[in-house]
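Please look over the sequence and structure before reading on.

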Amino acid sequence: MEVHKVVAPPHRSTAAKLKTRLKETFFPDDPLRQFRGQPNRTKLIRAAQYIFPILQWCPEYSFRLLKSDVVSGLTIASLAIPQGISYAKLANLPPIVGLYSSFVPPLVYAVLGSSRDLAVGPVSIASLILGSMLRQQVSPVDNPILFLQLAFTSTFFAGLFQASLGILRLGFIIDFLSKATLIGFMAGAAIIVSLQQLKALLGITHFTKQMSVIPVLSSVFHHTNEWSWQTIVMGFCFLLFLLATRHLSMKKPKLFWVSAGAPLLSVTVSTLIVFVSRADRHGISVIGKLQEGLNPPSWNMLQFQGSHLGLVAKTGLITGIVSLTEGIAVGRTFAAVKNYHVDGNKEMIAIGLMNVVGSATSCYVTTGAFSRSAVNNNAGCKTAVSNIVMSVTVMVTLLFLMPLFEYTPNVVLGAIIVTAVIGLIDLPAARHIWRIDKFDFLVMLCAFFGVVFLSVQNGLAIAVGLSLFKLLMQVTRPKTVIMGNIPGTDVYRNLHHYKDARRIPGFLVLSIESPVNFANSNYLTERTSRWIEECEEEEAQEKHSSLRFLILEMSAVSGVDTNGVSFFKELKKTTAKKNIELVFVNPLSEVMEKLQRSDEEEEFMRPEFLFLTVSEAVASLSLKGGPSLNNV
């Protein structure tokens, strides 16, 4: 067999290595490649298009595209108006704030966002987190002005954090919210949101301020004397209607407009019923009079000092991460369906600036909602102009239609919220996780039960903590496998995976499948020693020749640090005492360079013990006095 020489990596300066590492960490998409070799005018145009994605598609915009966007914009507006009012109440904010948040943020996103399908506005999970966290210290009933100030300030911090992630290219931070964590968290939050609506659906006046399931159910059954049969009947009827329209649209996607228009129709019909029958005088609570006009400025309400600064920063951080994760996931989902690219860093900047601007214009945390985006996509949207059309529709509502919502019953808003959040419970995805990874399923359950029985933030913290624990286990306990030869080939594979693979007498072939660093070097020392002892015992039992060579297959060792280098040095000393030669197979350039630097006396990086493949190593060493391959 021809043996190929292992070539030392070309010399690179420390600055060059640092440059490459920083580029791969913060600029894996290489955003500057589009400017190379271009004239200054083209560079300026492309820079403007990169910062403002609207400039990419606006010059080619046509009347045909406008027709589609107008239809989809009006459709999502019919959904956004009742949802905006409902989600604001979920966040313990005045209902008008929900409409404000459906007016300004979509305009900002249309200019800065890169998704064509993302429909922007308030969402249930962010509303729940915002309201529940702020209510722990400030009562929205006893001190509504302070509560509103803290909500706007939390929105500012959320936007600042989101935009900073995009500008600093730190979007990988949100990847710590794994799919299993999000599925469990969303399902638990959906249960909590739905249970919170029992106050409106049953007409209860005195309701618990806690969010977990036990206090909520206890409050429901301890105030049965406050249940209103009129409210229950109305709520049940409209909830049944909304669920039926949702089911119809899921079965027949072409009828998406049925479920999209159902919330606005429910609000209209219920408002007429209450107004005509004066049901507000007979136990059915209504929204009441709403302020007319566009968003008033709120930058003077932002609170950057005082005892609540830590609370708003924490609330902004958590709502920012959750809403950003949801928005980017939704945008990428529809981009994959339509085969176009969504830039994650641009989305972070767009959503972040959208919330920063929103905090100064009486808006609270907004992002891309899956339900609205799905309707937007099904309605045939072509560009972000659909968000502009929705925003204009909300503007008209704010200016002229506010008096029409005065008699809207709260029970219908509760029914709208329940119908919207049911879609967050993804049972098929949970079954899929169970089939693939049991530990991920455990993480999902911890997120779910943590949210349901403890609190939203505690449930999220537990799930993230378990995910990080799993990651640490993979880092500190890397996989090492013993490899054997598949008869009749030069291929070496895991002995425990390929049952026909056979170990070569006199050789122990180990594959280390991770970087070697301070976190796992001690474990690898112990595990390798155990492999050697077990191999020597096996050789003795089968009366083969003694172990002569330890071959380390290092294709998967992408890096080493000082502890990693020490591991290899100690391993060389240990094997030398046992008259075993340490052999390296296919060390990567970074690993090889560091090992060569540390091997000043050329103890263990000798050319005769460096090979490109395991088969070449075994063949060459067998000829030099090792056991013959024919002994397999």
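The model is predicted: local features need pLDDT of at least 70, side-chain atom pairs count only at pLDDT 80 or more, and totals for chains, interfaces and linings use all residues. Residues are numbered from 1 along each chain as its sequence is written, and side-chain values use heavy atoms, with hydrogens and water left out.

**α13 and α18**
- Helix α13 (residues 256-277) packs with helix α18 (residues 410-422) at an angle of about 165°, their axes being 10 Å apart.
- That angle makes α13 roughly antiparallel to α18 (over 145 degrees counts as roughly antiparallel).
- Contact (heavy atoms within 4.5 Å) joins P263, S266, V267 and S270 in α13 to V412, L413 and I416 in α18.
- The residues of this contact divide into five nonpolar, two polar and no charged.

**α7 and α8**
- The axes of α7 (124-135) and helix α8 (residues 144-167) come within 11 Å and cross at roughly 130°.
- L130, G131, L134 and R135 in α7 meet F147, L150, A151 and S154 in α8.
- Here the contact residues divide into five nonpolar, two polar and one charged.

**α21**
- Helix α21 (residues 456-476) has 21 residues and reaches 30 Å from its first C-alpha to its last, close to the 30 Å expected at 1.5 Å a residue.
- Its buried residues (under 20% relative accessible area, 1.4 Å probe, protein chains only) include V456, L460, A463 and K470.
- The buried residues of α21 pack against α7, α9 (179-196), α14 (309-338), α20 (438-453) and α22 (521-541).

Note on methods
Axes are lines fitted to C-alpha atoms, for helices over the stretch in contact, and angles run from 0 to 180 degrees between N-to-C directions. Helices (H or I, at least four residues) and strands (E, at least two) are DSSP runs, numbered from the N terminus. Angles under 35 degrees count as roughly parallel, over 145 as roughly antiparallel, 65 to 115 as roughly perpendicular and the rest as oblique. Ala, Val, Leu, Ile, Met, Phe, Trp, Tyr, Cys and Pro count as nonpolar, Asp, Glu, Lys and Arg as charged, and the others, Gly among them, as polar. The expected span of a helix is 1.5 Å times one less than its number of residues. Buried means under 20% relative accessible area, exposed over 50%, partly exposed in between (1.4 Å probe, protein chains only).
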